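Trainee: Could we go through the salt bridges of this structure together? I would like to see where they lie.

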Amino acid sequence: MQRDYESSFRELEKIIKELESKDISLEDSIKKYEEGIELYKYLNNTLKEYEGKIKTIAEENSEFIEDKKDDRYR
């Protein structure tokens, strides 16, 4: 199954609301909890991956970024 961050986040929010409701059986709540954990792991790993990409881009362009910061104060 192909996932994307935004739809996975919405699905996790939905699961949380379902778990917080009083109308869910113990068996269903355990299944939803397991699904939520898997979504959480995916979301967390995706954020770490994006953070690494942003850090790499910033490091590769630090000289340009620093020049632009200096331009603001001239």
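This is a predicted model: local features need pLDDT of at least 70, side-chain atom pairs count only at pLDDT 80 or more; totals for chains, interfaces and linings use all residues.

Trainee: Which residue does Glu 18 pair with?

Mentor: Glu 18 forms a salt bridge with Lys 32, and their closest N and O atoms are 3.2 Å apart. This pair links distant parts of the chain, since Glu 18 belongs to helix 1 (residues 5-20) and Lys 32 to helix 2 (residues 26-60), 14 residues apart.

Trainee: And how accessible is Glu 18?

Mentor: Glu 18 has 23% relative accessibility, so it counts as partly exposed.

Trainee: Let us move on to Lys 31. What is its partner?

Mentor: The partner of Lys 31 is Glu 27, with the closest N and O atoms 3.5 Å apart. Both residues lie in helix 2, separated by 4 residues, about one turn of the helix.

Trainee: Is Glu 27 buried or exposed?

Mentor: Glu 27 counts as exposed because its relative accessibility is 53%, and the cut-off for exposed is over 50%. Lys 31, at 43%, is partly exposed.

Trainee: Where do Lys 53 and Glu 49 lie?

Mentor: Lys 53 and Glu 49 both lie in helix 2, 4 residues apart, which is about one turn of the helix. Their side chains meet in a salt bridge of 3.4 Å, N to O. Lys 53 is partly exposed at 44%, and Glu 49 is partly exposed at 46%.

Terms used: Residues are numbered from 1 along each chain as its sequence is written. Side-chain values use heavy atoms; hydrogens and water are left out. A salt bridge is a side-chain nitrogen of Lys or Arg within 4 Å of a carboxyl oxygen of Asp or Glu. Helices (H or I, at least four residues) and strands (E, at least two) are DSSP runs, numbered from the N terminus. Buried means under 20% relative accessible area, exposed over 50%, partly exposed in between (1.4 Å probe, protein chains only).
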